[in-house]
Amino acid sequence: MATIGIDFGTTNSVLAYWDSTGSQLINVDDLPVKWAPYGFDGVFPTVMAKDENERLTFGWEAKTKGVGTFNAVKRLFATQSDVALSNEGDAIDVEEVATMLFAEMRRRALANGVVADSAVVTVPANSKGRARHRTKICAGMAGFEVLALINEPTAAAMAYAQKHPDARRMLVFDWGGGTLDVTILRSVDGVFIEETSSGLPRSGGLDFDARLRKIVEESVPGLENLSPTERELLKNEIELAKIRLSSALETTIELPGGRSLRVTRARFEQEVMPLIEESRIPIERCLKELGVGAGSFDALVLVGGTCRIPAVQNFVKTLVGIEPDPSFNPMTAVGEGAAIAAAILSGELTTSDFFVSTEHALGTFVIDGPNTEGLNFSTLIPKGHKLPAKVSSTYFPAVRETESLNIQVVEGDPDADFGNQDFVVLKEWDVRLVEDYSDESTRSFNLQYEYDVDGILHILATDVETGTILLDDDVSYGIATDKRQMKKVADRAREAVETGTISSDAKVELSDPEAVKLLSQARNKVIPFLDDDEAAEIISLANALEKASGTEVEIARDALRRALAPHSYLF
Ligand code: ADP
Ligand code: MG
């Protein structure tokens with residue numbers, strides 16, 4: 001039995017466990033010959049594919065097949081989207097796809113002799129409750145007991161510190177497939193505290209691929225009208241050519257119809273320089289926030305596949321004023337760090353310490369406070385509090401004679417200016433108060449938040465005078481907690497992984513390829529990057545298109561196309 005670390009990435013995932021010599025990668029896939037020379041050992045593409053016969057494939061096979069591909073499901077975790085769409089418009093619940101991916105990784109680890117029953121799973125530093133909770137639930141449904149969710153930069157810093165114990169203050173620069181995250185961490189007694197972070201949520205390897213694709217399209221006409229499979233395969237060819245250009249000065253891209261194109265690194269760099277330049281923004285923001293300059297760090301920790309591009313490395317090391325360790329593997333660092341955290345939490349590794357802390361403050365809205373106009377945020381568990389945390393506070397009903405209370409659990413950043421504060425009501429309840437008070441003036445209740453390392457928040461409200469429990473519930477972050485439904489998803493996902501086929505339950509069977517394309521653009525490429533308000537309109541237009549029939553289809557299609565137009569740079 002082993003406790004493992006899992007980096008569940010948007011593009012690639014990595015599994016690792018700890019033994020006395022360090023983190024060991026768990027080999028869960030065979031690398032295709034074409035990809036093998038480029039440093040993907042231990043890397044499992046977070047991709048699932050379903051063919052016409054409902055047969056499932058995962059990892060490299062799914063990625064390179066080009067048929068029924070479900071990509072980047074993790075991106076949907078942070079959104080209101082409930083369904084993931086394949087490149088051919090097939091829809092499966094986000095939770096189900098993610099659970100199958102976790103379950104398949106677990107099955108393959110087992111096949112390699114690693115019985116992984118519990119795990120530490122990493123999540124992006126800036127991810128809020130909903131994404132965290134969905135990650136935990138999906139890993140759980142796949143059969144992992146999730147010991148903790150830890151932040152990706154913290155995991156990378158732990159892996160780095162294992163090699164360089166003297167590194168006190170690090171700048172972790174993580175540029176993966178879809179996002180760029182910059183985090184500055186300080187180690188205090190071996191434990192990493194995130195001092196500040198900033199990022200570009202819509203910038204990553206996919207954007208580099210898009211630039212290379214532009215070069216290809218400018219030189220080779222007629223690449224617009226490809227089938228979904230041809231498009232997917234071309235996408236892979238372009239990604240691979242980009243990867244080859246990290247080690248070669250020129251390369252040949254194989255194109256559909258037996259054509260090919262030669263591209264030089266110089267031409268590619270010229271095209272992507274504006275993207276690289278933009279990575280300056282989050283780095284400078286972090287430096288400014290801490291009031292430090294370049295050269296204030298003991299280490300520059302490069303994480304994520306995009307950091308393998310030589311021009312990226314050069315740009316970042318010049319800006320930060322420090323040489324990265326060239327032997328540190330940016331693709332596997334997060335998974336390796338998660339394995340260290342897993343070993344500490346399971347008691348296998350006792351020479352290091354580690355704790356998980358809250359990312360955002362957790363509290364409730366109250367009426368009394370400095371802002372007499374509206375609602376005030378009252379903090380129960382502050383940001384950066386060590387977990388597990390158990391905090392309670394006493395409150396009074398705003399209207400003394402009231403019979404019921406509205407209790408809201410709120411996550412956010414109370415230090416930001418009012419108005420710009422980013423608060424999310426995670427859940428709210430109307431609870432009935434006790435009726436027989438000896439004296440109305442003493443009415444008060446105690447609100448307790450208990451937050452585990454596993455990322456679940458338990459709420460308990462008790463009447464102070466009588467001790468009566470008014471509320472006892474968990475916060476589900478707005479995702480379905482219909483336990484029966486979850487059980488069904490878990491059973492289906494595990495069975496699917498066991499048998500390699502999925503019982504057909506596809507929600508949409510769209511025959512109109514244009515509608516499929518628009519829905520895929522909306523759900524996979526645009527919605528994940530919009531604010532909730534902006535996304536709401538597109539989500540409803542996409543839902544309408546999915547349900548449309550007959551003559552409505554054209555109208556629904558046009559409406560969605562118009563709404564997507566301002567965001568076309570995303571696809
Ligand atoms: P994520 O954290 O999003 O899952 P990864 O850290 O695995 O992502 O990075 C994946 C991205 O890195 C992809 O866009 C991939 O094409 C890119 N990548 C991987 N290796 C290289 C390389 N040698 N040169 C350029 N890009 C690379
Ligand atoms: Mg990553």
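Modeller: Partly exposed sits between buried, under 20% relative accessible area, and exposed, over 50%. Keep in mind that this is a predicted model.

Colleague: Okay, what makes Arg55 partly exposed?

Modeller: Arg55 has a relative accessible area of 38%, and that falls between the 20% and 50% cut-offs, so the label is partly exposed.

Colleague: And what about Glu61, why does it count as partly exposed?

Modeller: Glu61 comes out at 43%, again between 20% and 50%, so Glu61 is partly exposed.

Colleague: Why are Arg55 and Glu61 called a salt bridge?

Modeller: The N to O distance is 3.6 Å. The rule asks for a Lys or Arg side-chain nitrogen within 4 Å of an Asp or Glu carboxyl oxygen, so the pair qualifies. By that rule the count comes to 32 salt bridges.

Colleague: What makes Lys214 and Glu271 a salt bridge?

Modeller: Their side chains meet at 2.9 Å, N to O, which is within 4 Å, so they pass. Lys214 belongs to helix 6 (residues 205-219) and Glu271 to helix 8 (residues 265-278), so this pair ties together parts 57 residues apart in sequence.

Colleague: Is Glu271 buried or exposed, and how do you know?

Modeller: Glu271 has 13% relative accessibility, under 20%, so it's buried.

Colleague: Which residues share partners in a salt-bridge network?

Modeller: Asp29, Glu104, Arg107 and Arg108 are joined into one network. Within it, Glu104 bridges Arg108 at 2.7 Å between the closest N and O atoms. Both sit in helix 3 (residues 94-111), 4 residues apart, about one turn, and both are buried.

Conventions: Residues are numbered from 1 along each chain as its sequence is written. Chains are lettered from A and ligands numbered from 1 in the order in which they are written. This is a predicted model: local features need pLDDT of at least 70, side-chain atom pairs count only at pLDDT 80 or more; totals for chains, interfaces and linings use all residues. Side-chain values use heavy atoms; hydrogens and water are left out. Buried means under 20% relative accessible area, exposed over 50%, partly exposed in between (1.4 Å probe, protein chains only). Helices (H or I, at least four residues) and strands (E, at least two) are DSSP runs, numbered from the N terminus.
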